[in-house]
Amino acid sequence: METVYLSYSSTKQHRLCPAQWAFQRLDHIEANPDTREGADIPVERDFGSWWHALRAVDAVARGTEHGSIKYVPDEISLPEGSVPFAEIKTIELVLDRLAAWWDHAAPATRAVWAERLGEDPVTRLRELDERWREQWALDLRYERPIAVELGWERELFVEHADDENGHYGLRYVLVGYVDEVFEDTRRGVVVARDH
């Protein structure tokens, strides 16, 4: 029996275009990114990955301080690929890694990033973090992080069909990750946060 894994983005893609979803998810046919209309440097997506890494290490630090953290992933996904969490376990290490990437980025890439972000990504990420901490300072006092980048899955259904050799089936499983799970001690609830 074959398992088809579905994520929020894949179900969204299916709603927009079932044929495109089937080509990509079932037949494993990918568009050539160099020939797609609007092929571009994914600044916003990649900057979002750096933001997720920064928020993850911050949550782990806060959870460690409070003794509440129960799950930390072995690796964190960055635009350059997955890296061991231990290599970026502080905000400064995330910023250092981004700075090293930025220092070695091609001039054309640097120009696009600076144009889209209005400044270099290290300065932008640091300022964004400072503003986030300032905005949520009161709430953060009551948060006890439990987990970051916590994977989950849920079987949706199993489809059985007959073929000339007997039976086959497809098992559909919805998968995803929760960016952060924390206890809100002020309200007495556990919260799943999407950054």
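This report describes helix packing and selected residues in a predicted model.

## Helix pairs

Two packed helices are described by the angle between their axes and the distance between the axes.

| Helix pair | Angle between axes | Distance between axes |
|---|---|---|
| α1 (residues 8-16) and α2 (residues 18-26) | about 135 degrees | 5 Å |
| α3 (residues 43-66) and α4 (residues 91-104) | about 160 degrees | 9 Å |
| α4 and α5 (residues 107-117) | about 125 degrees | 8 Å |

Helices α1 and α2 pack at about 135 degrees, and are therefore oblique to each other. On the α1 side, the contact is made by Ser9, Ser10, Gln13, His14 and Leu16. On the α2 side, Pro18, Gln20, Trp21, Gln24 and Arg25 take part. By class, the residues of this contact are three nonpolar, six polar and one charged.

For α3 and α4, the angle is about 160 degrees. Angles over 145 degrees count as roughly antiparallel, so α3 and α4 are roughly antiparallel to each other. The crossing of α3 past α4 is right-handed. Helix α3 contributes Trp50, Ala53, Leu54, Val57 and Asp58 to the contact, and helix α4 contributes Ile91, Val94, Leu95, Arg97 and Leu98. The contact of α3 with α4 has eight nonpolar residues, two charged residues and no polar ones.

Helix α4 also packs with α5, at an angle of about 125 degrees. That angle makes α4 oblique to α5. From α4, the contact involves Trp101, Trp102 and Asp103. From α5, it involves Thr109, Arg110, Trp113 and Ala114. Four nonpolar, one polar and two charged residues make up the contact of α4 with α5.

Asp58 is found in helix α3, and is one of the residues through which α3 touches α4. With a relative accessible area of 5%, Asp58 is buried. Beyond its neighbours within four places in sequence, Asp58 is in contact with Ile91, Trp132 and Arg133. Ile91 is among the α4 residues in the contact of α3 with α4.

Arg193 lies in strand β6 (residues 189-193). Its relative accessibility is 18%. Because the limit for buried is under 20%, Arg193 counts as buried. Leaving aside neighbours within four places in sequence, Arg193 is in contact with Arg62, Trp132, Glu143, Val178, Asp179, Glu180 and Phe182.

## Partly exposed strand residues

Glu183 lies in strand β5. At 35% relative accessibility, Glu183 counts as partly exposed. Setting aside neighbours within four places in sequence, Glu183 is in contact with Tyr142, Glu143, Arg144, Ile146, Val189 and Val190. How far apart in sequence and in space are Glu183 and Tyr142? They are separated by 41 residues in sequence and by 8.0 Å in space, C-alpha to C-alpha.

Tyr168 and Arg124 are 44 residues apart in sequence and 51 Å apart in space, C-alpha to C-alpha.

Tyr5 is found in strand β1 (residues 2-6), and counts as partly exposed at 46% relative accessibility. Leaving aside neighbours within four places in sequence, Tyr5 is in contact with Glu153, Arg171, Val173 and Val175. Tyr5 and Ile88 are 83 residues apart in sequence, and their C-alpha atoms are 29 Å apart in space.

Most residues other than glycine have a negative phi. Glu149 has a positive phi, near 50 degrees. Glu149 is placed in strand β4 (residues 143-163).

Definitions and conventions
Residues are numbered from 1 along each chain as its sequence is written. This is a predicted model: local features need pLDDT of at least 70, side-chain atom pairs count only at pLDDT 80 or more; totals for chains, interfaces and linings use all residues. Side-chain values use heavy atoms; hydrogens and water are left out. Helices (H or I, at least four residues) and strands (E, at least two) are DSSP runs, numbered from the N terminus. Buried means under 20% relative accessible area, exposed over 50%, partly exposed in between (1.4 Å probe, protein chains only). Contact means heavy atoms within 4.5 Å. Axes are lines fitted to C-alpha atoms, for helices over the stretch in contact, and angles run from 0 to 180 degrees between N-to-C directions. Angles under 35 degrees count as roughly parallel, over 145 as roughly antiparallel, 65 to 115 as roughly perpendicular and the rest as oblique. A crossing is left-handed if the near helix is turned anticlockwise from the far one by less than a right angle, and right-handed if clockwise. Ala, Val, Leu, Ile, Met, Phe, Trp, Tyr, Cys and Pro count as nonpolar, Asp, Glu, Lys and Arg as charged, and the others, Gly among them, as polar.
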